[in-house]
Amino acid sequence: MVSNETLLKDYKGGDIKARDTLCSRNMGLVVSIAKRFTGSGVDIEDLAQTGSLGLLKAIDNFDEGFGVKFSTYAVPMIMGEIRRFLRDDGILKVSRSIKECAYKGHAAREELASTLGREPTLAEIAQRSGFSCEELLEAFDATAPPDSINRSVYQDSDSEISDCLKSSDSEEKIVDRITVESILNNLEKRERQIIVLRYFKGKTQQEIARCIGVSQVQVSRIEKSVLEKIRKTQPV
């Protein structure tokens, strides 16, 4: 079977049929991603059709110089297209209060980073902005733009997401990442907050307890409950 890379070269060389072949071959990836948004109330076929627009953009914009596999490059573009559709269609709404929280949180982060000479902790940002860690996490997540492979990993950094992706990543591993995101989105607010802080921010249970104002025992109980819930709902 001709590889994606070969088809991309053919397309860049003027073979229009190669673009159609690429689109058809990678629709399985689009459908896999679209399934992660089935809870939005939009038909899976409509989500897949929207995601295919992101796939076409990925085909048109892909460059071997990115140093990643085509499927790796295409995933954030497909997801971004679906998210944009859901937001523009009014299905995903961000309230003014959440936007204001995110704005003040980012402003506080910048002020603290300048004063401290380092990246401030979530608790420090919360104290400066007057919002709780939970409110900030919700606001930052709700107002985050769709990921682009050329987005900087950190603000004021030259490192891009593409620099962090391995060209050896398989589509299965990429979809696994999307599955994790889907699981997080389906958790209750406090459950999601604890899991993000625990496993993605590297916080201890004691640090999380102080941040969100509960006991360490409660954090431990919620963490165990969520992990058990994930084990029961996800196929082995």
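## Overall make-up

Helices (H or I, at least four residues) and strands (E, at least two) are DSSP runs, numbered from the N terminus. By that rule, the protein has 13 helices and zero strands. Read from the N terminus, its elements run α-α-α-α-α-α-α-α-α-α-α-α-α.

This is a predicted model, where local features need pLDDT of at least 70, side-chain atom pairs count only at pLDDT 80 or more, and totals for chains, interfaces and linings use all residues. Residues are numbered from 1 along each chain as its sequence is written, and side-chain values use heavy atoms, with hydrogens and water left out.

## Surface and contacts

Of the protein's 236 residues, 37% count as buried. Buried means under 20% relative accessible area, exposed over 50%, and partly exposed in between (1.4 Å probe, protein chains only). The protein exposes about 13900 Å². Carbon and sulfur atoms supply 49% of that area. Accessible areas come from the Shrake-Rupley method with a 1.4 Å probe; for residues, only the protein chains shown count as cover.

Contact means heavy atoms within 4.5 Å. Take the contacts between residues at least 6 apart in sequence: 57% of them join residues at least 24 apart.

## Helices H3 and H4

Two packed helices are described by the angle between their axes and the distance between the axes. Helix H3 covers residues 27–34, and helix H4 covers residues 44–61. They pack at an angle of about 125°, with their axes 8 Å apart. Axes are lines fitted to C-alpha atoms, for helices over the stretch in contact, and angles run from 0 to 180 degrees between N-to-C directions. H3 and H4 are therefore oblique to each other. Angles under 35 degrees count as roughly parallel, over 145 as roughly antiparallel, 65 to 115 as roughly perpendicular and the rest as oblique.

From H3, Met27, Val30, Val31 and Ala34 take part in the contact. They meet Ile44, Leu47, Ala48, Gly51, Ser52 and Leu55 of H4. The residues of this contact divide into eight nonpolar, two polar and no charged. Here Ala, Val, Leu, Ile, Met, Phe, Trp, Tyr, Cys and Pro count as nonpolar, Asp, Glu, Lys and Arg as charged, and the others, Gly among them, as polar.

Gln193 lies in helix H11, residues 189–200. Gln193 counts as buried, because its relative accessibility is 3%. Leaving aside neighbours within four places in sequence, Gln193 is in contact with Cys133, Glu134, Leu137 and Ile212.

Ala123 sits in helix H7, residues 122–129. Its relative accessible area is 40%, so Ala123 is partly exposed. The C-alpha atoms of Ala123 and Glu134 are separated by 9.9 Å. Along the chain, these two are 11 residues apart.
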